[in-house]
Amino acid sequence: MTSDVATPRRLTFQEIMSLAPLPDEIENGKVAKRYMSQRKAWFPEGDVPIASEIPYSEKEKDQKSLKREVAYGSHVYSQAGLAASRALAEMQNSQTDASRKKVGIHTVHGYFSEAGLVDRPFIYNVTTIAANPSFPNLLVTVRQPLSPSTSPERDHYPLADAELPLGPVCFSALVSFRPSTVSQHVAQELPVQTRFADILNSRPPSAWDPAPHVDVAQKLEAYPMRNPGTFPAVDMKKVDMTAFNEGKPLHERRELILYRLLAPLPADDPDSHILTHAYEADRNGLLMIGNHIGFGYDFGRAASLSYSFVVHVNSEDAVMAYGENEWWIQEACFPRVEAGRAIIMSKIWSPKGVHVATEYQDGIIQRQWKPGERQGKL
């Protein structure tokens, strides 16, 4: 049975990441720049019936109505980086001394302490940790209202939502910036385009299947992908690495994800491009590990705990051109699983084969518990 529900328009990075400035506050003697998200975060489970064109059964709808709708984790992660970038720009614009330097995002280290919900905005507070003009460091703390948005559609959040009582910190991030620098030496491994040339050249990039809505084997078997769904910002394709991975230990396996911009992004705002890479890299990472270790048909849960994104190049070298053949590649590997947690490490490669950034994410990945298995464990 197919769904006759029209697929909603996919939002661009600018749309999904739109921020509304709020009045500054003073926290512990420091000025806190404040912002509020304006658009509803992407919800992976909500995309399943859209991308598969198979509606949920009434039983499944009833079961899902009892659960909270948890936001895609990289929404708050990337938007926290964007809030830091905007706050730094505002602070620099108010300076008149010659020490002010043009800088771009160098790292984002984020920590997920509470689940983000899609029916209310995120409120961002940004304070300065270190004001070194060559290496500014900012702290972003994020909270959500205790109640849903006052907007009936739970989207296009009105500024009145910022006045609602706030819950605990759900996410925090340390964001660092660096100015562009002339390289004295350049070293990297062979590009992913060279190492996996036979696989990548076996078909045009656009001919690979869309990246899964929720990359859990059992979910994909019941709800196979028939269209890209509503994932914002970028078009994503998943390369079939089944033959390459066959028989290899986990740490030697690889997953390759191709992606390109859905719409042009201004080249004079490199931080937005960096955060688009970070937004993409978070998708399905822990779930892919679950499939590799045998949890795909006995899936329990997955949740990000920490996420680091390190940019290796000058910020302007992370800028993405917009075009049909402007495909970037995320090369993912899975070096460690233990204690109910797993690591995904991803290298971000430009179309020209430059290793631009690295993602390192730790999170919970568990199958369903068996009777008596948790005895004596907290």
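Buried means under 20% relative accessible area, exposed means over 50%, and partly exposed lies in between, using a 1.4 Å probe and protein chains only. With that scale, select Arg195: at a relative accessible area of 31%, Arg195 is partly exposed.

The model is predicted, so local features need pLDDT of at least 70 and side-chain atom pairs count only at pLDDT 80 or more, while totals for chains, interfaces and linings use all residues. Residues are numbered from 1 along each chain as its sequence is written, and side-chain values use heavy atoms, with hydrogens and water left out.

**Stop 1: salt bridges**

The term covers a side-chain nitrogen of Lys or Arg within 4 Å of a carboxyl oxygen of Asp or Glu. Glu189 is also partly exposed, at 32% relative accessibility.

Next, show Asp119 and Arg120. Here the salt bridge has its closest N and O atoms 2.7 Å apart. Asp119 is partly exposed at 23% relative accessibility, whereas Arg120 is buried at 10%.

Then go to Arg367 and Glu373. Their salt bridge brings the closest N and O atoms to 2.6 Å. Arg367 is partly exposed, with a relative accessible area of 23%. Glu373 counts as partly exposed too, at 30% relative accessibility.

**Stop 2: Asn314**

Where does Asn314 sit? Look in the loop between strand S10 (299-311) and strand S11 (328-338). Strands (E, at least two residues) and helices (H or I, at least four) are DSSP runs numbered from the N terminus.

Show the Asn314 side chain with Thr181. The side chain reaches the backbone nitrogen of Thr181 at 3.0 Å. Leaving aside neighbours within four places in sequence, Asn314 is in contact (heavy atoms within 4.5 Å) with Pro179, Ser180 and Thr181.

**Stop 3: helix H10**

Select residues 285-292, helix H10. This helix is mostly covered, with 7 of its 8 residues buried. The buried set is Gly285, Leu286, Leu287, Met288, Ile289, Gly290 and His292. Step past the helix to Gly294, which follows H10 and has a positive phi, near 90°.

**Stop 4: the cavities**

How many cavities of 30 Å³ or more does the structure hold? There are 2. A cavity is a set of points, on a 1 Å grid over the protein atoms alone, where a 1.4 Å probe fits but cannot get out; lining residues have an atom within 4 Å of a point. Points are joined across faces, edges and corners, and a volume is the space filled by probe spheres set on them.

For the largest cavity, select Ala211, Pro212, Asp215, Met236, Lys238, Ile257, Arg283, Asn284 and Met288. The space inside is about 40 Å³. Its lining has 5 nonpolar, 1 polar and 3 charged residues. Nonpolar covers Ala, Val, Leu, Ile, Met, Phe, Trp, Tyr, Cys and Pro; charged covers Asp, Glu, Lys and Arg; the others, Gly among them, are polar.

For the second largest cavity, select Arg10, Pro210, Ala211, Pro228, Phe231, Val234, Met236 and Arg283. About 30 Å³ of space lies there. This lining divides into 6 nonpolar, no polar and 2 charged residues. Finish on Ala211, Met236 and Arg283, which line both cavities.

How values were computed: On a 1 Å grid over the protein atoms alone, a cavity is a set of points where a 1.4 Å probe fits but cannot get out, and a pocket is an open set with protein on both sides within 12 Å along at least five of seven lines; lining residues have an atom within 4 Å of a point. A polar contact is a pair of N or O atoms within 3.5 Å; within protein, one must be able to donate a hydrogen and the other to accept it, and residues adjacent in sequence count only if both atoms are side-chain atoms.
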